[in-house]
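Biologist: I would like to learn how to read a few features here. Could you give the general idea each time, then the case in hand?

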Amino acid sequence: MAGLDLTGRTAIVTGASRGIGLAVAKAIAAAGGSVVLTSRSQESADAAAAQVGGTAIGVAAHAVDEEAARRCVDLTVDRFGSLDILVNNAGTNPSFGPIIDQDHARFAKTFDVNLWAPVLWTGLVTKAWMGEHGGAVVNTASIGGMAFEANIGLYNASKAALIHVTKQLALELSPKVRVNAVAPGVVRTKLAEALWKEHEQAVSASTALGRIGEPEDIASAVAFLVSDAASWITGETMVIDGGQLLGDALPFRQGAQLGV
């Protein structure tokens, strides 16, 4: 599809040293785009950029460090001459357990990285380039922002807020900048290990499409959303979860096997 060609466009992908962020960077580069990958350390950013190849570069920039973010945005425009795509992928989950048992430090870190950082970076890229020239922003949310689960309620609340902010920004930055989000289900990443590593078979069996997600599943959707093929889509959150939000698929399969 011609609309998926990103030749001549430049993207920043935050939190891109591994997992979904790295897969997104590779997908954008494969579609012809130039990519700046951020990570907390220069070493990991450089290693990730080397995996992407081509014109990709790595930049050390903790997602909530405003000065580092500003330097990254300025460097991107200076190096490539544009900044057409932002993927706010950096995320964290330092909390586990009931919300009322979390301390302020965990609360602040969760919301700083998962909510404030996307607002910060979106503001910077809009003022530096997109506000005048146009562009596309994609936020990495989660199906947790649409559901309720034990022990990760604070993380899910931050993602629910990000889904809301995605819609708010889509209106505030229209018509020049499109802002969308993706909501992954359980994906094979380090951040989500607690949700799949010790019981992948059970999670896969209960998922409608029979497996957990791979980073590339999310990356393909992001590449679509930042492309011209999605030029009339803004303020939306695309669920990519293999059907996990639908609920447990096992009873339906068992019923089919029994001829019910």
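Modeller: Start with the polar contact. A polar contact is a pair of N or O atoms within 3.5 Å; within protein, one must be able to donate a hydrogen and the other to accept it. Keep in mind that this is a predicted model.

Biologist: Which backbone oxygen lies 2.8 Å from a polar atom of the side chain of Ser 174?

Modeller: That of Leu 171. Ser 174 sits in the loop between helix 5 (153–172) and strand 6 (177–184).

Biologist: Is Ser 174 buried or partly exposed?

Modeller: Partly exposed, because its relative accessibility is 40%.

Biologist: Now a threonine. Where does Thr 14 lie?

Modeller: In the loop between strand 1 (10–13) and helix 1 (19–30). Thr 14 has 2% relative accessibility, so it is buried.

Biologist: Next, aromatic rings. How is a pair described?

Modeller: By the distance of the centres and the angle of the planes. The count here is one aromatic pair. Its rings are those of Phe 107 and Phe 111, with centres 4.8 Å apart and planes at 15 degrees, so the pair is stacked. Stacked requires planes under 30 degrees apart.

Biologist: Where do Phe 107 and Phe 111 lie?

Modeller: Both are in helix 4 (residues 104–133), four residues apart, about one turn of the helix. Phe 107 is partly exposed at 39%. Phe 111 has 18% relative accessibility, so it counts as buried.

Biologist: Last, helix packing. What describes two packed helices?

Modeller: The angle between their axes and the distance between the axes. Take helix 1 and helix 8 (residues 215–225): their axes come within 8 Å and cross at roughly 50 degrees. That angle makes helix 1 oblique to helix 8. The crossing is right-handed.

Biologist: Which residues of helix 1 meet helix 8?

Modeller: Gly 19, Ile 20, Ala 23, Val 24 and Ala 27. Their partners in helix 8 are Pro 215, Glu 216, Ile 218, Ala 219, Val 222 and Ala 223.

Biologist: At what angle do helix 3 and helix 4 pack?

Modeller: About 35 degrees, with the axes 10 Å apart; helix 3 covers residues 66–80. Helix 3 passes helix 4 in a right-handed crossing. From helix 3 come Glu 66, Ala 69, Arg 70, Cys 72, Val 73 and Val 77. They meet Leu 120, Trp 121, Leu 124, Val 125, Ala 128 and Trp 129 in helix 4. Trp 121 and Val 125 are also touched by Leu 86.

Terms used
Residues are numbered from 1 along each chain as its sequence is written. This is a predicted model: local features need pLDDT of at least 70, side-chain atom pairs count only at pLDDT 80 or more; totals for chains, interfaces and linings use all residues. Side-chain values use heavy atoms; hydrogens and water are left out. Helices (H or I, at least four residues) and strands (E, at least two) are DSSP runs, numbered from the N terminus. Buried means under 20% relative accessible area, exposed over 50%, partly exposed in between (1.4 Å probe, protein chains only). Rings of Phe, Tyr and Trp (its six-membered ring) pair if their centres lie within 6.5 Å; planes under 30 degrees apart count as stacked, over 60 as edge-to-face and the rest as tilted. Axes are lines fitted to C-alpha atoms, for helices over the stretch in contact, and angles run from 0 to 180 degrees between N-to-C directions. Angles under 35 degrees count as roughly parallel, over 145 as roughly antiparallel, 65 to 115 as roughly perpendicular and the rest as oblique. A crossing is left-handed if the near helix is turned anticlockwise from the far one by less than a right angle, and right-handed if clockwise. Contact means heavy atoms within 4.5 Å. Lists of a residue's contacts leave out its neighbours within four places in sequence.
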